Amino acid sequence: MTKYILIGGYIYKAQDGGKAFCEELVKGINNRPIKILDCLFARSNDDWKDRFKNDHDFFSKFIKDFKLELALPENFIDQLKNSDVLFFQGGDPELLISVLETVGDWREELNGKTIVGSSGGADAISKYYGVIKNLDVGEGLGLLPIKFIPHWKSNYNQKINEKIDSFLETLKLYKENLETITLMDGEYIVIER
């Protein structure tokens with residue numbers, strides 16, 4: 001069984017600052033320290049160091065015994081084998097997918113792990129996703145047979161929020177009939193498969 005956690009974006013914006021998310025993240029993992037692989041492939045390499053530090057600081061608030069490791073394309077499969085949690089950070093889902101396509105057959109290592117996707121990371125996990133900033137549809141990796149829109153009705157862009165309901169209908173009608181999930185900033189959902 002693999003547990004997927006999709007985040008609408010900016011989990012620290014949850015009312016509890018992300019505490020419930022962190023509790024869900026570690027639930028059922030008996031290994032100590034809990035090994036979290038922080039995958040920042042959806043962002044420019046220049047951004048990785050600061051993001052990694054921010055992620056470590058965030059997890060430190062709510063998780064007692066963990067080890068956060070920065071995912072590297074050249075070591076990704078070995079790193080994934082040795083982790084309990086794979087955390088796909090937000091950013092550009094197309095960039096994330098393009099890097100993952102170069103690292104080999106990493107999908108075989110997902111069974112029994114917790115896979116987290118935030119914003120663009122959740123887009124990549126989904127079969128199809130809605131891009132809020134330009135109201136376009138993208139195709140993800142299809143790890144979950146769903147359609148997904150992050151940053152739902154957030155203060156991302158008020159002009160777009162006026163068109164978001166009709167865009168949701170467009171996504172629902174796109175290609176195949178799949179469950180469509182929308183999550184606001186700070187919201188998350190758990191799917192086990």
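Student: How many aromatic pairs does a search of the whole structure find?
Tutor: This is a predicted model. The search finds 13 aromatic pairs.

Student: How is such a pair described?
Tutor: By two values: the distance of the ring centres and the angle of the planes. Take Phe59 and Phe87 here: their centres are 5.7 Å apart, with 65° between the planes. Planes over 60 degrees apart count as edge-to-face, and this pair is edge-to-face.

Student: Which parts does the pair of Phe59 and Phe87 tie together?
Tutor: Phe59 belongs to helix α2 and Phe87 to strand β4, so the contact links parts 28 residues apart in sequence.

Student: Now the sheet. In what order do the strands come?
Tutor: The order is β3-β2-β4-β5-β1-β10. These six strands make an open sheet, and their pairing is mixed.

Student: Which strands stand at the edges?
Tutor: β3 (66-70) and β10 (188-192). Each has a single partner strand, so one side of each lacks a neighbour in the sheet. From one strand to the next, the twist averages 20°.

Student: How do β1 and β5 run, parallel or antiparallel?
Tutor: Parallel. Five bridges join β1 (residues 3-7) to β5 (residues 114-118). One example is Tyr4, whose bridge partner in β5 is Ile115.

Student: Which strands does helix α1 touch?
Tutor: Helix α1 (residues 19-26) packs on the sheet and touches β1, β2 (34-39), β4 (85-88), β5 and β10. Its direction makes about 160° with that of β1.

Student: On to pockets. What shows where empty space is left?
Tutor: A probe the size of a water molecule, rolled over the atoms. In this model, the largest pocket has a volume of about 820 Å³. Its lining counts 35 residues, and the closest to the centre are Arg43, Gly90, Gly91, Ser119 and His151.

Student: Which elements give two or more residues to that lining?
Tutor: They are α2 (45-62), α4 (93-100), α5 (120-125), β6 (126-131) and β7 (136-139). Helix α2 gives the most, with seven residues.

Student: How do the residues of the lining of the largest pocket divide?
Tutor: Into 13 nonpolar, twelve polar and ten charged.

Student: What is the volume of the second largest pocket, and which residues lie nearest its centre?
Tutor: The volume is about 210 Å³. Of the 13 lining residues, Lys27, Gly28, Ile29, Gly112 and Thr114 lie nearest the centre. By class, this second lining has two nonpolar, six polar and five charged residues.

How values were computed. Residues are numbered from 1 along each chain as its sequence is written. This is a predicted model: local features need pLDDT of at least 70, side-chain atom pairs count only at pLDDT 80 or more; totals for chains, interfaces and linings use all residues. Side-chain values use heavy atoms; hydrogens and water are left out. On a 1 Å grid over the protein atoms alone, a cavity is a set of points where a 1.4 Å probe fits but cannot get out, and a pocket is an open set with protein on both sides within 12 Å along at least five of seven lines; lining residues have an atom within 4 Å of a point. Grid points are joined across faces, edges and corners, and a volume is the space filled by probe spheres set on the points. Helices (H or I, at least four residues) and strands (E, at least two) are DSSP runs, numbered from the N terminus. Ala, Val, Leu, Ile, Met, Phe, Trp, Tyr, Cys and Pro count as nonpolar, Asp, Glu, Lys and Arg as charged, and the others, Gly among them, as polar. Two strands pair if DSSP finds at least two bridges between them. Axes are lines fitted to C-alpha atoms, for helices over the stretch in contact, and angles run from 0 to 180 degrees between N-to-C directions. Contact means heavy atoms within 4.5 Å. Rings of Phe, Tyr and Trp (its six-membered ring) pair if their centres lie within 6.5 Å; planes under 30 degrees apart count as stacked, over 60 as edge-to-face and the rest as tilted.
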